[in-house]
Amino acid sequence: MDTTPPSLAEDLAELLAEKTILKALKTVEELDQLTVDEKLNDIERAVYLLSSSGQEVQRISVITNLPDLLQNNHAECMRRVVPKVREVLYVAQSEMQVAASSAFLQILQRELVPIQNYTQTFLQTILLSVDSKDPEVAKCWLDTLLDVIELLPKDVIKSDILSIAISKGQLSQAVQSRLSCCKILGKIATKFEPFVIKKEILPVVQSLCQDVDYEVRGCMCYQLDAVARGLGLESTKSAILPELVELTNDEESYVRIAGLETVVNILSLLDDDTCSTTIIPLVCKFCQQANQAQDSTLPAIAKQLGRICHELSRTLTDDEKELFVDYYRKFSRIGRSEKAKNTKEAEKESPPKVFFIPEYLVEEDSSVECRKNCAFNFPAMVLFVGAKHFKSSLYSTLVSLCTDPSIVVRKTISTGFHEVAKSLGSYVNMVQPELVTLLKDESVEVLQGVITYLPETLSAIANSSTNTAIDSKLQAVSDIIPVIIDAERVISTSNNWRLQEVLMTNLACLTDCCSNDVICSKVIPMLFEKLKKGRALPVRHAAARTVLLLLRNLKKLEQREALIHKFINEFCHGNSCHRRNLFIDICKFVLEYYSKTFFKDYFFEPVLELTSDPVPNIRLRMCSILPDLKRLVKIPNDRNLVQLLDSSVRKIFISEKDRDVNAALKKAAEMLDKTPVQMDSVLNRHKTTEDDIDDNQKEEHEKRLLIEEEREKKMEEEKIQAKAEKKIISTKKGDNCSSKIPAPKRGGGKSSAHAVKDTKKAAGLSVSSGTAIGSMKAPNPSSKTMVKASLGKGNHASLGSGLRKSSATTHSNVTARRGSTTSASSTNSSTSSVFSPRCVFLDKITSPHPQVLTVFFQILQTTCIIPNRKSPEAAMESVAQWGNHLSEECLKVWFISHNMSAQQVFVFVSFSVHIYLTYIWIAERSLRHQRLLCFCMNSSTEFRSFVHHVHTCVHAE
């Protein structure tokens, strides 16, 4: 049964009824009327259409194109078309009038007509059309006249416009005419000298300020600013200020608001005496009346209060400043207490409402608007009271505004929060809890205000002068990071993807104001999550850019290479085609932010793998970046990469079956043929372009990071050593200064073979069956001579200098290599171990070769490191005891107890590492240790001779 009312059912039936569709929208007669002879030129066609035979839409088209007609055929257009236009406008409809007003203004702006001709034709039409009976048409022509006055010379204004404006301002004229007079007088007041204004314009202005209609009084009041600037200070004080004082006390709130805004606008014109005697009492009275009445003037004074305090700050006394601050605090709480009481009473009396109306659909009352204006002026009030007095004067107001029940108020204060943070300077930490409060807000509009200016806010917090230590500066921002991450979750639930993009972009500012550990542990995981699950592509792109910018400034090489490895594994080698597609964009961003060398080291080979991707769209996108990859390589250093690129292109040419990919591949092949391979020669190095200069700067930045990392490691080691030395010195001075590590035994005890076995077990060494240290074979005499010759007197210093030299070349060795991220990470860690006294071979070596150990202990005896030239077994026992307590403090004690100098300690530790690396390389053929051995071999000539000797002994065995 149909329950729909009959009238509604009939309407629905009528809407659903089939209607005949007309085949032609215009009849033959109408088409004939719209048809114009094609042989007519532009001027003849315009004259024809402006005549009675033209339609309304055709006439509007002619008037709109009038400036172009004047530019192409000036004389004919002025003689034939312009008179027709003026005739048509007398009876034209509003749409044609609006088009004509715009065209007349363009003619003057483009200077298509001389001023004299324009005054005689177009200006007269404008002045007559201002009095149109249609309010919209009259307003449109009045706006055109005001814009034209700006471009006309002074004599034309005085002869043709001033007299008409004064006549319109007479009391006998209509209200609309007097309102037009007010605006015209305000516009032309700055065009004349003060005596002309005083004689011709000022009497009319004063008359309009006393007009019987409040709209005329208010309109004239808004123009008093321009009139006062034309008159000057003295005439303003005598003629304009009395009128302003009276207008601010008008019975109509509209006039009072206009008077207040005009007072604020002319503050920069007045002197200090006038402000002290007239303006300050006037504003105080206005604030008092608005606070008592709480009418529409309350939001107006709240809106202007910040500017008033800023302009009058140099003339206000301390009591007057406190009075204005007190008014501001009152205005910022208008409606809060009453609303809270009414809400509690309503909850008790009435049941909860079922329907929810969003706040943006509800009209703002005056109290909410007043608090919103106070929130807008809060940064200005912070400047007014100063950072030192902020806590006692305005902190409670900030807390109130940040927790305001109205979203509009909270949104306004969040938008200006960065200005507050800048103004507070060293006291910015006081407002950090309020920043957290705004970031925890559930409204996306409030979060938008904070997130948009987040870099400025965090920079102000990090650069606070109270935080003198770098760690404390970084910690201040690090505490806010979890709240920002929570805010990102709230934003991600909304449909505002643009705000998500802004947040992802702004997180790049954390490089300068947050620690690397916090960035790696909290920020970058969130960015990777957004890279994987972000819905909008601009959001994912912004997240990728931010990750790369953060990665570019991470101080630790391990962290940087771990992130690069994550990019390659999860995106280039990922199962999702969307992620692999995104990896191509990531590579483009890498080219934008990083040097060519960096890209070739880490991304060149992985991105080429995508040329054989199973998804055609990814292969299609790869075709577009192949020419860019070719521009990166240089011969002869990158010969392998050139071959890899050629083989990848050749492979995809042979195996590709998709039509679109083949078409894109042909275009890419043409671009590749046009792109020459760069030659890395001495002559080409002098030819630098802007791209080369930019690339060199990026590469220098990357090198600087590596050098700083090495420097920081050395500084940390020096600090640790200094602390250990202090402890040793203090231990010596005390009563209990005996070493915890026993010295080597001089006689008795276990046999040497058993002692060495036990020592190996204690040090974590495995003893193979049938092998004992006592059964070591001594090397031939020639080998001994070679070792002694390489470690003769005076060679310790050269060895130390060689190692220090190798430390300086660490950066070039790391950046020059081509390899995977894992090999780079191992290279970095092992390189740092060469210079660390903790890393020796005793705690790592397994099943050492007898010849290696024998040569090692002979070296120790040769350099007098082991006293009394003990046997290798006894020396091994002493060294193993040190290895069991491998700590810097015990190590120092052991060295001192054996009367070892600092130079001998350095040689001991260096050769310990060298022996370990040599054994691993020879025994296991590990690529990783072979790289480190090659690095160590460059450190000294002595070590190269030593390695050659060990290699000969091992292979002879």
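First, the ground rules. The model is predicted, so local features need pLDDT of at least 70, side-chain atom pairs count only at pLDDT 80 or more, and totals for chains, interfaces and linings use all residues. Residues are numbered from 1 along each chain as its sequence is written, and side-chain values use heavy atoms, with hydrogens and water left out.

Now the overview. The protein chain holds 54 helices and 2 strands. Helices here are DSSP runs of H or I with at least four residues, strands are runs of E with at least two, and both are numbered from the N terminus. The chain has 957 residues, and 46% of them count as buried. Buried means under 20% relative accessible area, exposed means over 50%, and partly exposed is in between, with a 1.4 Å probe and protein chains only. Next, contacts, meaning heavy atoms within 4.5 Å. Take those between residues at least 6 apart in sequence: 73% join residues at least 24 apart.

On to helix packing. Two packed helices are described by the angle and the distance between their axes. Look at α9, residues 135–151, and α11, residues 175–188. Their axes come within 10 Å and cross at roughly 15°. That makes α9 roughly parallel to α11. The cut-offs: under 35 degrees is roughly parallel, over 145 roughly antiparallel, 65 to 115 roughly perpendicular, and the rest oblique. Axes are lines fitted to C-alpha atoms, for helices over the stretch in contact, and angles run from 0 to 180 degrees between N-to-C directions.

Which residues make the contact? From α9, they are L142, L145, L146, I149 and E150. From α11, they are S180, K183, I184, K187 and I188. By class, that contact has 6 nonpolar, 1 polar and 3 charged residues. Nonpolar covers Ala, Val, Leu, Ile, Met, Phe, Trp, Tyr, Cys and Pro; charged covers Asp, Glu, Lys and Arg; the others, Gly among them, are polar.

Next, aromatic rings. How many aromatic pairs does the structure hold? It holds 17. Rings of Phe, Tyr and Trp (its six-membered ring) pair if their centres lie within 6.5 Å; planes under 30 degrees apart are stacked, over 60 edge-to-face, and the rest tilted.

Take F378 and F390. Their ring centres are 6.2 Å apart and their planes sit at 85°, so the pair is edge-to-face. F378 is in helix α21, F390 is in helix α22, and they are 12 residues apart. F378 is buried, at 0% relative accessibility. F390 is buried too, also at 0%.

Compare F567 and F571. This pair is tilted, with 6.0 Å between centres and 50° between planes. Both residues lie in helix α35, 4 residues apart, about one turn of the helix. There is a cluster as well: ring pairs link F583, Y594, F598, F599, Y602 and F603.

Last, the backbone. Most residues other than glycine have a negative phi, and most peptide bonds are trans. Here are some exceptions. A cis peptide bond joins I635 and P636, with omega about 15°. P636 lies in the loop between β1 and α40. E111 is not a glycine, yet its phi is positive, about 55°. E111 sits in the loop between α7 and α8.

Is E111 buried or exposed? At 66% relative accessibility, E111 counts as exposed. Q294 has a positive phi of about 50°. Q294 lies in the loop between α16 and α17, and at 37% it is partly exposed.
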